[in-house]
Amino acid sequence: MLPVALWPIVAAVAAATPNPDATALRELLAPMQAYAADFEQVVFDGRGRAVQTASGTMRLERPGRFRWEVVEPYSQLVVTDGTTVYVYDADLAQVTVQPLDETLEGTPARLLIGSMDALESMFTVVREDETTFALHPLDDEALYRRIRLEFAPKPAGESAGMPDAPLVGIVILDHLDQETRVAFRDPTLQPEPAPGVFDFQVPEDVDVIGDVPARSSAR
């Protein structure tokens with residue numbers, strides 16, 4: 001038995017030991033400095049019944065920039081320039097404005113646009129198979145019970161390198177057993193340049209909830 005005085009040292013060494021599952025996930029996420037895809041989203045209730053569907057486009061650039069645009073069955077835009085998050089509901093003529101850290105913390109979006117160094121401080125990472133990773137939040141007050149990331153398998157015969165656009169799906173399980181499944185279509189790590197895609201100008205004649213930075217005030 002180890003002397004009691006050595007227990008803190010052993011515990012510290014164990015805590016510092018890299019989780020190979022988390023290391024493998026970081027290697028898959030590392031190429032996603034830029035990413036774009038179409039998406040199909042389906043929400044299932046606790047009984048497994050589909051209760052909501054949506055489709056649209058998404059785009060990200062590290063660090064901190066993200067755009068999620070729902071096209072069907074309604075119009076909604078979530079966009080951040082790395083500092084401020086805007087949620088624009090065209091049908092409601094309403095824009096909600098919040099700081100990035102307060103809005104996306106603990107969400108898949110924050111994981112994808114943030115630093116990979118923070119991965120293990122936020123989640124316990126478990127590799128379920130060659131292409132699927134389950135992330136369990138360490139924070140008891142996190143919004144979700146589990147986030148699952150799904151990646152495309154390597155082409156047959158390919159022994160090195162990663163797929164050109166590895167992330168193909170996200171599955172989110174909340175505390176009410178509601179599951180949100182997002183499938184990405186035609187993903188790419190080399191999206192066409194789109195200047196201003198992460199900037200947002202508040203339209204005229206809309207209700208604004210929150211404080212709009214002066215540089216992005218209504219025109």
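Which residue in strand 6 does Val85 stand opposite? Val85 stands opposite Gln98, and the points below start from the strand that holds this pair.

1. Basis of the note. The model is predicted, so that local features are taken at pLDDT of at least 70 and side-chain atom pairs at pLDDT 80 or more, while totals for chains, interfaces and linings use all residues. Residues are numbered from 1 along each chain as its sequence is written, and side-chain values use heavy atoms, with hydrogens and water left out.

2. Overall make-up. The protein chain has five helices and 12 strands, these being DSSP runs numbered from the N terminus (helices H or I of at least four residues, strands E of at least two). Of its 219 residues, 40% are buried, where buried means under 20% relative accessible area, exposed over 50% and partly exposed in between, with a 1.4 Å probe and protein chains only. Among contacts (heavy atoms within 4.5 Å) with a separation of 6 or more, 46% join residues 24 or more positions apart.

3. Strand 5 and its partners. Strand 5 (residues 84–89) is mostly covered, with six of its six residues buried; Thr84, Tyr86 and Tyr88 point one way, and Val85, Val87 and Asp89 the other. Strand 5 pairs with strand 4 in the antiparallel sense over five bridges, and with strand 6 (residues 94–99), also antiparallel, over six bridges; two strands pair if DSSP finds at least two bridges between them.

4. Other backbone features to check. Asp177, in the loop between strand 10 and strand 11, likewise is not a glycine and has a positive phi of about 65 degrees, with a relative accessibility of 40% that counts as partly exposed. The peptide bond from Arg62 to Pro63 is cis, with omega near 0 degrees, and Pro63 is found in the loop between strand 2 and strand 3. The bond from Glu72 to Pro73 is also cis, with omega near 5 degrees, and Pro73 belongs to the loop between strand 3 and strand 4.

5. The largest pocket. About 650 Å³ of space lies in the largest pocket, which is lined by 27 residues, with Gln41, Trp68, Pro108, Tyr144 and Ile172 nearest its centre. By class, the lining has 19 nonpolar, seven polar and one charged residues. Among the elements that each supply at least two lining residues are strand 1 (34–44), helix 4 (108–113) and strand 11 (179–188).

6. Arg146, in strand 9 (residues 144–151), counts as buried at 16% relative accessibility, and beyond its neighbours within four places in sequence its contacts include His136, Ile172 and Glu179. Thr131 lies in the loop between strand 7 (123–129) and strand 8 (132–137) and is partly exposed, with a relative accessible area of 21%. Leaving out residues up to four places away in sequence, Thr131 touches Leu149, Glu150, Phe151, Ala152 and Pro153.

Key: On a 1 Å grid over the protein atoms alone, a cavity is a set of points where a 1.4 Å probe fits but cannot get out, and a pocket is an open set with protein on both sides within 12 Å along at least five of seven lines; lining residues have an atom within 4 Å of a point. Grid points are joined across faces, edges and corners, and a volume is the space filled by probe spheres set on the points. Ala, Val, Leu, Ile, Met, Phe, Trp, Tyr, Cys and Pro count as nonpolar, Asp, Glu, Lys and Arg as charged, and the others, Gly among them, as polar.
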